[in-house]
Amino acid sequence: MSANSANISASSAGSKKSLKTFSDDIWKNKTAKINAELFTLTYGSIVSQLCTDFERDFKKVNSHLSAMGYNIGVRLIEDFLARTALPRCDSFTQTSEVISKCAFKIFLNVTPQVGNWSSSKDTFSLFLDENPLSDFVELPMDAVKELWYSNILCGVLKGALEMVQMDCDVWFVSDVLRGDQNTEMRVKLNRIMKEEIPAGED
Amino acid sequence: MAIQTILVINKSGGLVYQRDFIKTSAKLSSNEYLILAGTLQGVVAIASQVTPKALQISAKAGSKTANEPSQLIPYVGSLGAPTQNLSDMGSFMGQDFFNESFASWNQSGLKHVTTDQLSMFLYQTLTGLKFVAISTQSTTNAMAVSIAENLLRKAYCLYADYVMKNPFHDPDMPIKCELFDSHLAELVGQL
Amino acid sequence: MVDSGLASEVNEHQRLQLQFQLFQESLPKVDETVYRMLLNEAVPLAIGVERSLNHLEEDSTDQLETDLNSKLTFESQELGASHKLLQEYMTADQDQQIRINTRLENIGFQLGQKLSQLLIFSNNPNLSFKDMDLLSVMKFVCRDVWKQVFGKQIDNLKTNHRGTFYLLDYNYKPIESFTLEEDLSDQEQKMMEPFLHVPCGMIRGVLASLGFEKEDQVTCQATLVEAPDSKQAGASAFAKSVSFNVQVLVER
């Protein structure tokens, strides 16, 4: 199904491209780039200031990071759609492919693995083997149990998906920073907001 | 093809941007533009509802069989391509904003209106924004339609690049953004 | 560099420059848009933090039951869209504004501190730390720090050689896409304020990490100014530029 979406969007002059090739091309040729370490440092400064402000009440830090991400997500989605012009996904499986192979690729230059689908196919996981937000980061002892360092990503995904009429919950279940085996995000589709889908899309 | 006016309509049907590129004798008042925006919003919806059932079903079946050329808008090169300076392109790089044919998100809604004097083209995004171009030429030419779709997708790129990056921008309020203005004028001017 | 004839020195210099450039390009990258959004979004975030901290204060003065309730609603409620948060800055009282701006300066400061390490360890041939006097530190800020973070250098550096510097950026990137009228109203000036505290903090952070670290040794203030006409030709749509006034107390 993902191949289908890529064909529709990226077939030019009869050449059929996969979603991966399509995204690689955008990343390589169409994207203004900036040093990833600068990105890491900036995000680190923001998180650490939040921890100070809330006197290490990490639950609040998590929710503020997610709220910040939400505000980015609702804007970033326009950039994503304008760049890619990808058609609406006809399944949540396809959405997961677009998020991992395309969105993560062209914005952060990483491709998380999709997996761990729920039996009803409404929840999946993204496994972040690489995470530019948390490169070289070590959490202080008191934060290890409660802080979801990259929680901003949850907000970004939630905000972006909401703008394309998908009401989702996004949360972290594990993070290598906390000593876990891997970094796993869950994305759960609550419902498609059919009433808000623009007319004309069938 | 000379573009007379470009409009941007937000997802709830409110007019958030209107700009004339040609001084015309018959100019609509701002109130009339608001009505036009609201009307277009309604007509797009109605148009998609009057699509005959048989067509809807065949379109659904068709979309499952991968490529459907009728839904693809061919890329029209050298159309207002800001090639001079990379920094002028905002976050988009390269020779042009995009260089491949692309699928239209608006499959059954209103896309194109022609009178004897003018044509109106409508591009709708997945988030429900509508970009509308009014041209001074009456045309039903398929090429003109693709040119307009290309132009309006570029207007969308500019929107993503300049309007969305202004944290003060309220999606329900009119767009006030010099850079969007000037780049859009440049884009239309190069046509 | 060994003094071995001008020509070879130039070549050596070019070679190092090229090597440095290749090295920079080989580093991992992310999309610039995402970074710009992250940096600017820190401002509404700082305002949102201020709001919820005030909420918390109110909570603690309330009775236990209501305390519990309001906390629950706070967790579930969205903080609000960026543009709404930014407007809140305008209605905040002066103490709150100061706290918001300090918060942003701190973010900038931390970034600046780490940034200079990042830049120094990158073997930049333009940097020599043999005689790192104040002027060369400021040049480092104008050239390398600015280039790294904003993709361009500071356009003009003025100094009285006694610790006062003016850094002029005719097209300060983060506010590039903001709507700025020719005649900026006081209110609009005010709204830009928090955005300028991040780079101020950053400048102080860089200076602190390079030896100017005593408390209150460095002050930095930024103001929006009119760009000189000559420089405006390139960016006609943008009439506003930013002037950073850096004061460094130097012992003599």
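Two residues are in contact if their C-beta atoms, placed from the backbone, lie within 7 Å. This is a predicted model: local features need pLDDT of at least 70, side-chain atom pairs count only at pLDDT 80 or more, and totals for chains, interfaces and linings use all residues. Residues are numbered from 1 along each chain as its sequence is written, with chains lettered from A and ligands numbered from 1 in the order in which they are written.

**View 1. Chain C meets chain B.** Chain C brings 15 residues to the contact, and chain B brings 13 residues. On the chain C side, α2 (32–61) and α4 (82–91) each give two or more residues. Helices (H or I, at least four residues) and strands (E, at least two) are DSSP runs, numbered from the N terminus. α2(C) gives the most, with 8 residues.

**View 2. Helices α3 and α4 of chain A cross.** The axes (lines fitted to C-alpha atoms, for helices over the stretch in contact) come within 9 Å and cross at roughly 135°. Angles run from 0 to 180 degrees between N-to-C directions. A:V47, A:L50 and A:C51 of α3(A) meet A:V61, A:H64 and A:L65 of α4(A).

**View 3. An open sheet in chain C.** The 4 strands follow the order β2-β3-β5-β4, with antiparallel pairing. Two strands pair if DSSP finds at least two bridges between them. β2 (156–159) and β4 (218–226) of chain C stand at the edges with a single partner strand each, so one side of each lacks a neighbour in the sheet.

**View 4. β2 beside β3 in chain C.** These strands pair over 4 bridges in the antiparallel sense. C:K158 has C:Y166 of β3(C) as its bridge partner.
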